[in-house]
Amino acid sequence: MEKVALRNASALSSPPPWELRRHSSDFRVLRTVKNRLSSTTIVSRSPAVCDLRLNTARDGQRVKKANIIALTLFLVGAGSPGSAAEAEELSQNDWLLRAENDNARFRLLQQQMRGFDQPMWEVGERFERLHDALQRENYELAVYHWDKIKTTIENGVAKRPARGESARRLFLGDSWTKIRAAFASGDKREAWDGFDSARTACQSCHQAEKLEFMNNQVIFDLARPRRD
Ligand code: HEC
């Protein structure tokens, strides 16, 4: 069994069981060496010392992977001053650190951040909380949720700009401001009128965005109390 420990870049000199390739990314996983006993992930921060590939040729022979029980790499400097390349154990849970490059990382983040559905989920939840707040005559809380609903929809539009036109025209402009004033008034009847207008604003956007089916759900049955 052969144990290979590479302490620094000078250890990469001849005879070459190793092959170096440069690439431009700043930080990436080069490879993971796995076997029964261990799994070592090689990473590099140094553009100058990148992509270390295990050269399988040794004296013209193939070195079997099974022969390598661990590979520890501490690439230091290697001609790029100050950039101490580090060896770091990355687990399979390091879903961002393990990505090829920053582009791939941003793609993964975009995917995780979802589109308009998740903000809407939050908006639906807050809409219910808003109704609760009005029932308790907690108008400060109603205003709080109304403000957060706005932020959430704006953030949704940042991710899905095509929804922006309807959002601004039917919700985020004047109607949002007037409804806020109704909640802030602290007047029970005015506040419930505000709630009715809010529901209409939500539903009109769903209609404009060709999602009429969204309007047929329990949260939109929420209404002012029978006797107020
Ligand atoms: C841009 C206009 C627009 C406005 C304003 C709007 N919605 Fe939506 N809503 C959407 C769109 C688009 C979807 C579907 C999202 C998707 O398919 O990714 C949606 C989906 C939803 C969903 C389903 C979310 C889920 O996946 O479970 C709920 C609940 C919802 N909206 C509630 C509301 C409420 C309550 C309001 C008002 C406070 C509101 N919406 C205002 C456009 C809007």
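The structure is a predicted model, in which local features require a pLDDT of at least 70 and side-chain atom pairs count only at pLDDT 80 or more, whereas totals for chains, interfaces and linings use all residues. Residues are numbered from 1 along each chain as its sequence is written, and side-chain values use heavy atoms, with hydrogens and water left out.

The secondary structure of the protein comprises six helices and eight strands, where helices (H or I, at least four residues) and strands (E, at least two) are DSSP runs numbered from the N terminus. Along the sequence, these elements follow the pattern β-β-β-β-β-β-β-β-α-α-α-α-α-α. Of the 228 residues in the protein, 35% are buried; here buried means under 20% relative accessible area, exposed means over 50%, and partly exposed lies in between, as computed with a 1.4 Å probe on protein chains only.

The iron atom of the ligand has two protein donors, Met120 through its SD atom and His206 through its NE2 atom, at 2.1 to 2.3 Å from the iron. Donors are N, O and S atoms within 2.8 Å of the metal (3.2 Å for Na, K and Ca), and because water is not among the atoms, sites may look incomplete. The site of this iron atom is octahedral, with angles of 85 to 179° among its six donor atoms; six donors count as octahedral if opposite donors are over 155 degrees apart and all others lie between 65 and 115. Met120 is partly exposed because its relative accessibility is 25%, while His206 counts as buried because its relative accessible area is 13%.

The ligand sits in the largest pocket. A pocket is defined on a 1 Å grid over the protein atoms alone, as an open set of points where a 1.4 Å probe fits, with protein on both sides within 12 Å along at least five of seven lines, and a molecule sits in a pocket if more than half of its atoms lie within 2 Å of its grid points. The elements that contribute two or more residues to the shell around the ligand are α2, α4 (164–172) and α6, and α2 provides the largest share, five residues. There are 17 residues around the ligand, of which Met120, Cys202, Cys205, His206 and Leu211 come nearest; a residue is near a molecule if one of its heavy atoms lies within 4 Å of it. A polar backbone atom of Asp117 lies 3.2 Å from an oxygen atom of the ligand, and a polar side-chain atom of His206 is 2.9 Å from a nitrogen atom of the ligand.

Gly156 is placed in helix α3 (residues 139–159) and counts as buried because its relative accessibility is 0%; its C-alpha atom is separated by 8.3 Å from that of Gln118, 38 residues apart along the chain. Ala198, in helix α6, is likewise buried, because its relative accessibility is 0%, and its C-alpha atom is 8.1 Å from that of Ser175, 23 residues apart along the chain.

Key
Four donors count as tetrahedral if all angles lie between 85 and 135 degrees; four count as square planar and six as octahedral if opposite donors are over 155 degrees apart and all others between 65 and 115; anything else is irregular. A polar contact is a pair of N or O atoms within 3.5 Å; within protein, one must be able to donate a hydrogen and the other to accept it, and residues adjacent in sequence count only if both atoms are side-chain atoms. On a 1 Å grid over the protein atoms alone, a cavity is a set of points where a 1.4 Å probe fits but cannot get out, and a pocket is an open set with protein on both sides within 12 Å along at least five of seven lines; lining residues have an atom within 4 Å of a point.
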